[in-house]
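Have a look at the model first, then work through the steps.

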Amino acid sequence: MFRNFGRSTVRVLIASNHALFRHGLMSLFKKKLGVKVEIVGEVTNFESASEVLETQEVDLVIVDYDDDQLNREDFLTRFVGGGGQKRIILVSLSNPESAMLYDRRELPLAQFEAWFEGWQETGERTSPPSKGVARRKNQTRSNRMKHFVVAGFLVIVLTVLLILGAGQVRLLPVAASAQAQPIDQLFRLMFFAIAFLFSLIVVFMLYSIVVFRRREGDESDARHIEGNTTLEVTWTTIPLIIVLGLSFLGARSLAEVERPDPKALEVDVIGMQWTWRFEYPRYGIVSNELVLPVNKQAILYLSSQDVIHSFWVPEFRVKQDLLPGGEEFVRTLRITPTEIGSYKVRCAELCGIRHAYMESPVIVVSQADFDVWVAQQTGEPTDPVERGRKWSNQYGCLSCHSLDGSKLVGPTWLGLFGSQVRLADGSTVIADEAYIIESIRNPGAKIVEGYPNIMPANVGQDLSDERIQDIIAFMKTLR
Ligand code: CUA
């Protein structure tokens with residue numbers, strides 16, 4: 001379609017060994033036809049003609065039919081008899097009609113003119129065409145417009161269908177935080193843009209495949225397109241503008257998501273294989289569930305005790321990695337919950353064997369309920385068993401040790417205390433107080449048969465002797 005776009009010269013390759021033939025032909029082109037001709041090459045054999053045709057775009061090949069040094073058969077087989085890839089004219093001087101061409105007295109150019117009109121019909125022209133040509137040219141132009149109108153209409157239809165269709169599918173969970181608003185807005189905008197671009201590409205591709213498919217018996221070659229500056233500038237500029245626009249909107253949304261509130265509730269979030277711990281420094285609370293008051297910004301200080309984890313509550317939209325390495329690697333995340341309800345924080349970074357189970361409840365409550373919860377948490381139970389249950393929860397013991405006999409990463413606590421334990425080295429040991437204390441303080445000392453040696457050593461370092469005693473008291477009740 002774009003062949004010769006912006007070009008008005010006929011590119012000609014002449015094959016002859018006679019200089020007179022070549023030059024005579026040239027002046028004829030100019031004087032009698034008013035055609036601007038660019039001689040792409042003058043060759044004296046078939047091989048060099050092929051070379052030129054491979055590297056250059058050629059509209060017309062003129063062969064000196066009487067030249068015995070040229071292998072006419074090659075030209076005929078390749079260009080006329082075979083695939084008919086190039087337009088070719090054979091000019092004979094021994095033939096009385098064609099001889100006149102060389103003679104210049106008359107113009108037996110019907111053959112050439114016929115070809116030239118055909119070329120004008122589809123190529124871009126600037127030389128004055130005859131009336132018949134102009135009409136045909138307008139017809140092809142309006143045909144082309146028709147294709148664009150139909151394809152454009154299909155693009156709009158598909159875009160609308162995609163957007164309506166996606167409206168039926170719940171792509172995102174409920175938006176439960178103030179930070180979700182700008183993110184969802186951006187998501188919707190991106191989705192519209194993507195639906196349109198998808199339609200644009202797919203419709204034009206399928207339309208071309210169906211409407212411009214090769215018909216039965218059509219052996220002609222497609223037009224050879226070589227460069228199109230307008231098109232290339234257009235398809236570079238438009239995506240550039242789109243990308244710059246999106247990055248502007250993205251930066252604006254990010255600023256909104258990270259907008260600080262000086263009165264934010266501070267919570268330290270500690271990730272470890274494979275549990276979460278939430279500490280409220282203002283109240284001295286340590287919890288294994290994240291409780292947040294509604295409509296109040298919480299600032300989370302995230303850190304990890306071992307490997308990289310990721311804090312992700314889909315309903316809040318925002319997400320942040322937790323990095324090991326201490327103070328300087330602490331990351332922050334701001335969340336302003338807007339909907340009372342129960343959610344779940346999931347670890348979104350592959351972090352080991354129980355990564356898939358690394359989740360904790362996130363509970364958004366009214367300010368009044370939050371105050372009640374704080375009061376409950378700050379009072380310490382007097383019963384050591386209850387304290388032990390509390391420590392086991394807070395320190396994440398129960399994410400690896402079950403209380404009901406089921407096998408997790410570590411041995412179950414049900415019936416553990418006082419039982420006989422088989423170790424990996426084949427020996428047995430009684431699970432008494434000393435064994436439990438050692439297993440908490442120095443988890444690698446005795447490995448239970450059938451379990452990997454993966455319990456983190458830092459769990460025990462965080463636990464005081466009194467708290468371990470509470471945990472043992474709790475264990476003793478699990479029979
Ligand atoms: Cu922690 Cu995955």
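**Exercise 1: H7 against H8**

Keep in mind that this is a predicted model. Helix H7 (residues 180–211) packs against helix H8 (residues 229–257) at about 160 degrees, and their axes are 9 Å apart. Work out how the pair is oriented, then describe the contact.

*Solution*

Step 1. Start with the angle: over 145 degrees counts as roughly antiparallel, so H7 and H8 are roughly antiparallel to each other.

Step 2. Now the handedness: H7 crosses H8 in a left-handed sense.

Step 3. Next, who touches whom? H7 brings Pro 182, Ile 183, Leu 186, Leu 189 and Met 190, while H8 answers with Leu 246, Leu 249, Gly 250, Ser 253, Glu 256 and Val 257.

Step 4. Sort those contact residues and you get eight nonpolar, two polar and one charged.

**Exercise 2: H11 against H13**

Helix H11 (residues 433–441) and helix H13 (residues 465–476) have axes that come within 11 Å and cross at roughly 125 degrees. Classify this pair, then describe its contact.

*Solution*

Step 1. The roughly perpendicular range is 65 to 115 degrees, and roughly antiparallel needs over 145.

Step 2. On the H11 side, the contact uses Glu 433, Ile 436, Ile 437, Ile 440 and Arg 441. From H13 come Asp 465, Ile 468, Gln 469, Ile 472, Met 475 and Lys 476.

Step 3. The tally for this contact is six nonpolar, one polar and four charged.

Terms used: Residues numbered from 1 in each chain as written. Predicted model: local features only at pLDDT ≥ 70, side-chain atom pairs only at ≥ 80, totals over all residues. Heavy atoms only, no water. Axes fitted to C-alpha atoms, helices over the stretch in contact; angles between N-to-C directions. Helix = DSSP H or I, 4+ residues; strand = E, 2+ residues; numbered from the N terminus. Contact = heavy atoms within 4.5 Å. Nonpolar A, V, L, I, M, F, W, Y, C, P; charged D, E, K, R; others polar. Parallel < 35°, antiparallel > 145°, perpendicular 65-115°, else oblique. Left-handed = near helix turned anticlockwise from the far one by under 90°.
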